[in-house]
Amino acid sequence: MEYLLDTSIWLRGALFAPTLPEEVHGILGDPDAILGLSVYRLWEAAKKHQKGKLPLPMDLAAWFKSAVPQNVRVLPLTPEIIVESTRLPDFPVNDPDDEIIMATARVHKLTLLTTDTELKGYRHARVRYFKPKQEKG
């Protein structure tokens with residue numbers, strides 16, 4: 001496993017694939033790539049859906065089955081990740097969600113794939129930032 005999917009990359013890949021750059025499509029579509037996804041990201045998507053901010057084409061449980069392909073490993077939220085989230089050096093944002101995802105990347109020694117501009121320059125972890133394309137509509 002080399003990469004950790006941030007919520008933005010995971011949701012765009014599952015729901016708005018045309019907004020991802022070709023390089024991301026290559027990573028997500030690589031049949032040999034095993035990708036990580038924090039279980040916390042599933043909870044985050046479920047809460048957005050519950051609040052009406054994330055419309056889904058089917059029931060949430062069924063959508064999770066389709067949105068988490070076989071090459072994606074759901075990583076648990078562990079005490080080690082929680083502790084690491086409180087010790088991130090020079091972390092640029094005050095957001096527990098971002099702290100958890102960055103701590104998950106650091107603990108598992110993965111490169112975080114993200115569209116979050118606030119995380120792209122974080123020098124204490126491996127981060128690959130991608131600027132999303134505009135949706136055509």
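**Reading the labels in a predicted model**

Me: In this predicted model, what makes the nonpolar surface patch, and what is its area?

Reply: The patch covers about 270 Å² and is made by Val 39, Val 74, Leu 77 and Ile 82. Of these residues, Val 39 belongs to helix α3, which spans residues 39-50.

Me: Why does Val 39 count as partly exposed?

Reply: The relative accessibility of Val 39 is 34%, and the partly exposed class lies between the buried limit of under 20% and the exposed limit of over 50%, so Val 39 counts as partly exposed. Membership of a patch asks for over 30% relative accessible area, and the 34% of Val 39 is in keeping with that cut-off.

Me: Why is the pair of Phe 91 and Tyr 122 called edge-to-face?

Reply: The structure holds four aromatic pairs. In the one formed by Phe 91 and Tyr 122, the ring centres are 5.1 Å apart and the planes stand at 80 degrees; since rings pair when their centres lie within 6.5 Å, and planes over 60 degrees apart count as edge-to-face, the pair is edge-to-face.

Me: Which parts of the chain does this pair link?

Reply: The pair links distant parts of the chain, with Phe 91 in the loop between α5 (79-85) and α6 (96-108) and Tyr 122 in the loop between β4 (111-114) and β5 (127-129), the two being 31 residues apart. Both Phe 91 and Tyr 122 are buried.

Me: Why is Lys 65 called exposed?

Reply: Lys 65 is found in helix α4 (residues 60-67) and has a relative accessible area of 72%; because exposed means over 50%, Lys 65 is exposed.

Me: Where does the charged end of Lys 120 sit?

Reply: The charged end of Lys 120 sits over the ring of Tyr 129, at 4.6 Å from the ring centre, a distance that meets the requirement of within 6 Å.

Note on methods. Residues are numbered from 1 along each chain as its sequence is written. This is a predicted model: local features need pLDDT of at least 70, side-chain atom pairs count only at pLDDT 80 or more; totals for chains, interfaces and linings use all residues. Side-chain values use heavy atoms; hydrogens and water are left out. Rings of Phe, Tyr and Trp (its six-membered ring) pair if their centres lie within 6.5 Å; planes under 30 degrees apart count as stacked, over 60 as edge-to-face and the rest as tilted. Helices (H or I, at least four residues) and strands (E, at least two) are DSSP runs, numbered from the N terminus. Buried means under 20% relative accessible area, exposed over 50%, partly exposed in between (1.4 Å probe, protein chains only). A charge sits over a ring if NZ of Lys or CZ of Arg is within 6 Å of the ring centre and within 35 degrees of the ring normal. Patches are made of residues with over 30% relative accessible area and no salt bridge: like charges are joined within 9 Å, nonpolar side chains (Val, Leu, Ile, Met, Phe, Trp, Tyr) within 5 Å. Accessible areas come from the Shrake-Rupley method with a 1.4 Å probe; for residues, only the protein chains shown count as cover. A salt bridge is a side-chain nitrogen of Lys or Arg within 4 Å of a carboxyl oxygen of Asp or Glu.
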